[in-house]
Amino acid sequence: MAAKVLCEAGADVVMLEAGAMWDTEKDSRMSAWAYDSPRRGASTAERPFGEFDGCIGGWEIEGEPYTQAPGTTFDWFRARMLGGRTNHWGRISLRFGPDDFKRRSLDGLGDDWPIGYDDLKPYFDKLDRLVGIFGSAENLPNEPNGIFLPPPRPRCYELLIKQACDRLGVTCIPSRLSILTRPLNGRAACHYCGQCGRGCATHSNFSSPSVLLPPALATGRLRIIANAMAREVTTGESGLATGVSYINRTDRRDYAVRARIVVLAPSACESARMLLNSKSSRFPNGLANSSGVVGRYLTDSTGLSVSGYIPKMANGVAHNEDGVGGMHLYMPWWLDNKKLDFPRGYHIELGGGRRSAPSFGVMGGIQRFNGKGGYGKQLKDDYRQYYGSTVSFSGRGEMVPNDDTYCDLDPRVVDTYGIPVLRFHFKFTDHEYLQAKHMQDTFRQIIQELGGTPLSPMPSRESGYGLEAGGRIIHEVGTTRMGADPRTSVVNQFCQAHEVKNLFIADGGPFVSNADKNVTWTLLALSMRTAEYIALLRSQLSL
Amino acid sequence: MTKISRRTALQLVGAAPVAAAMAWTPAEAEQAHTHAQQARAAAAKQSKPYKPKFFTAHEYATVAVLVDLIIPKDDRSGSATDAGVPEFMDFMMIDQPQRQVAMRGGLALIDRMCEELFAKRFVACADEQRRHVLDAIAYTTDVPPARAHAVAFFNSFRDLTASGFWTTKMGIADLQYQGNVFLNEWNGCPEEALTKLGVKYS
């Protein structure tokens, strides 16, 4: 996003990409059937979400380790390809709402942002028009309306879920996904193959290489250097950033790019790592880190899922249920935390039915459906009967930053390029565990209301109520947080480093808090605002 | 819902080069499938059976018998071996080597059960004897601790059989999955499906 805005504003931009180039038109495996591969769509080392997935990366990357402090778990997902993690996401595009910027004022936990919803609203609007998003104006207080394309009709099991949610008082509304239900800005409308995750060959959903880089490249002012593993931000005697040094992954030699302005956007933790690795006599603590805040305030979304077998959906009517590559309905946070024993909310994502073609893992664990397993003709019929008869609910909630959760440099370990690696420290508190319990209870209640049975037993408190490990939801933010006070924050409200005025951060690092919403849309709006601010400063010759 | 071919759709949206660049059109997939089947038939004719890369000949014979007991041929579709499940399993053992020990050990466990009961290995058993063994390990209800390992192995083996069978063209047709096509319009689900679930569009 920053590259696009800056190129269009007239800047010459060099972009360093740690992975290889990627072209959704040529490289997407959209439309492939499982039987096109002997692996039938199973995962591989570099594609943990299945071999046809559009994202090359994962929680483990060969040659690029990270460490975890004893007794703590944080799994760090990284993408190594053009467009990075915009190639891996559910296109769930939720604006942070007014309350999400001032949580401390509301409940005394965490911190307020130095900006509010109104500061970002114009950028959200521009983003909606530029990238495209479907949804519906619901006028909910903390779920701001956007500029929406029409939402697709719900699938029938989604209507069934909505029916149950209406009875239970759970808000269930059209989802908000950055997938085109109408042509937009020269991009084709969705063709409803449901395979957004593989990368869209018709540019009908959002990923950076598909939507933002083509116009940036069209300006003739963007140069992309692929396979460039950024190592540190270089600085001059004045204390300003002078560029970035990187290692070419192909020849493993060191190179440097000189620049007037440096914008970091390699992902929240990678930005923190670069700053911590940019040590000099002037910045012994790492660049822009006199405060010691770099790496702190790390949060991920909380997450867990429950699936249920719904007898009413068994022996279903065969029809194409693919739809868009994601849910057509979802549940935004609908309760008041003042009346609950945990401080922050979550939203619910839906899955189920006959969405997406059978691939590796299909109908696994049949014994959970028919209660016995078995073999032979009866089993074969059971598979047919139960196919498409499940629903799943995934909670994605807000975690409150805490002092025990952060990343720093491991004092001993380097990666294959000789760059010191991150060490993670991670801890959930009762704020998250009690929220997870509420998710479990709610999802089980909805499944029960649907006349179904959960496919897994209720996890115990000792097992954290099934809460996924930190980093598993891939929404980590906060490691270079923004603020008005340079003693407690890394960047200002324009994501400009307090200490290095020509250094900006355009990823999730500047987030002061997470939310009960996925972070991408707010991250993009913030990045657009940052880049426009840079362009403004340049036009005023004040940078 | 209007279905159009993928190539037509891409031409409609002005992205014809995409079609040329991508790996498979449905027609090509069809062609490839036919080709594969012909190749297999030809290989069979030349009596050159598939040579497993992971399984021993004995294990592979055991696998072939087991998968067909799990998913037999019926009036709607063929058997697991018809769908190439043993070949698929052999590939997966090489592709995901962390599965190898459990697979090898599980097959050994079944043979040992047969030796104890019938003094011969599983493949040498009569159909009735094989079923006797499966009746003891294929069901997850009331599992005595002594059989827990065999039941756990069978659960996982059954899952892999299902993956191998239902992801083939034959399996997908049997399940009546109707997607992975280009639609120029999404109209939601058909009346019959709405009625079955007791829901409607408002």
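These legends describe close-up views of a predicted model. Local features need pLDDT of at least 70 and side-chain atom pairs count only at pLDDT 80 or more, while totals for chains, interfaces and linings use all residues. Residues are numbered from 1 along each chain as its sequence is written, chains are lettered from A and ligands numbered from 1 in the order in which they are written, and side-chain values use heavy atoms, with hydrogens and water left out.

**View 1. Chain B has 10 helices and 2 strands.** Helices (H or I, at least four residues) and strands (E, at least two) are DSSP runs, numbered from the N terminus. The order is β-α-α-α-α-α-α-α-α-α-β-α. Of the 202 residues in chain B, 43% are buried (under 20% relative accessible area; exposed is over 50%, partly exposed in between; 1.4 Å probe, protein chains only). Contact means heavy atoms within 4.5 Å. Among contacts in chain B between residues at least 6 apart in sequence, 59% join residues at least 24 apart.

**View 2. Chain B meets chain A.** In contact are 70 residues of chain B and 71 residues of chain A. The two chains bury about 6,100 Å² between them, with 62% of it on carbon and sulfur atoms. Buried area is the accessible area (1.4 Å probe) that two parts lose on being put together, summed over both. Asn180(B), Trp186(B) and Leu197(B) supply 14% of the area that chain B buries against chain A, more than any other three residues.

**View 3. Salt bridges cross the interface of chain B and chain A.** The rule finds 4 of them, each a side-chain nitrogen of Lys or Arg within 4 Å of a carboxyl oxygen of Asp or Glu. Asp174(B) pairs with Arg384(A) in a salt bridge, with the closest N and O atoms 2.6 Å apart. On the side of chain B that touches chain A, helix 8 of chain B gives the largest share, 10 residues.

**View 4. Helix 9 of chain A (residues 377-386) has buried residues.** They are Leu379(A), Lys380(A), Asp382(A), Tyr383(A), Arg384(A) and Tyr386(A). Within chain A, these residues pack against strand 11 (302-309) and helix 8 (367-370). In chain B, they pack against helix 4 (57-70), helix 8 (148-166) and helix 9 (169-175). Just after helix 9 of chain A, Gly388(A) takes a positive phi of about 75 degrees.

**View 5. Glu64(A) and Arg249(A) form a salt bridge.** The closest N and O atoms are 3.0 Å apart. Glu64(A) lies in the loop between strand 2 (57-58) and strand 3 (67-68) of chain A, and Arg249(A) in the loop between strand 8 (241-248) and strand 9 (254-258), so the pair ties together parts that are 185 residues apart in sequence. Glu64(A) is buried at 1% relative accessibility. Arg249(A), at 23%, is partly exposed.

**View 6. A salt bridge joins Lys162(A) and Asp166(A).** The N to O distance is 3.4 Å. Both residues lie in helix 5 (residues 156-168) of chain A, 4 residues apart, about one turn of the helix. An α-helix has 3.6 residues a turn, so residues three or four places apart point the same way. Lys162(A) is partly exposed at 28% relative accessibility, and Asp166(A) is partly exposed at 47%.

**View 7. A network of salt bridges links residues of chain A.** Its members are Asp100(A), Arg103(A), Asp107(A), Glu143(A), Arg344(A), Glu398(A), Asp516(A) and Lys517(A). Over all chains, the whole structure has 42 salt bridges.
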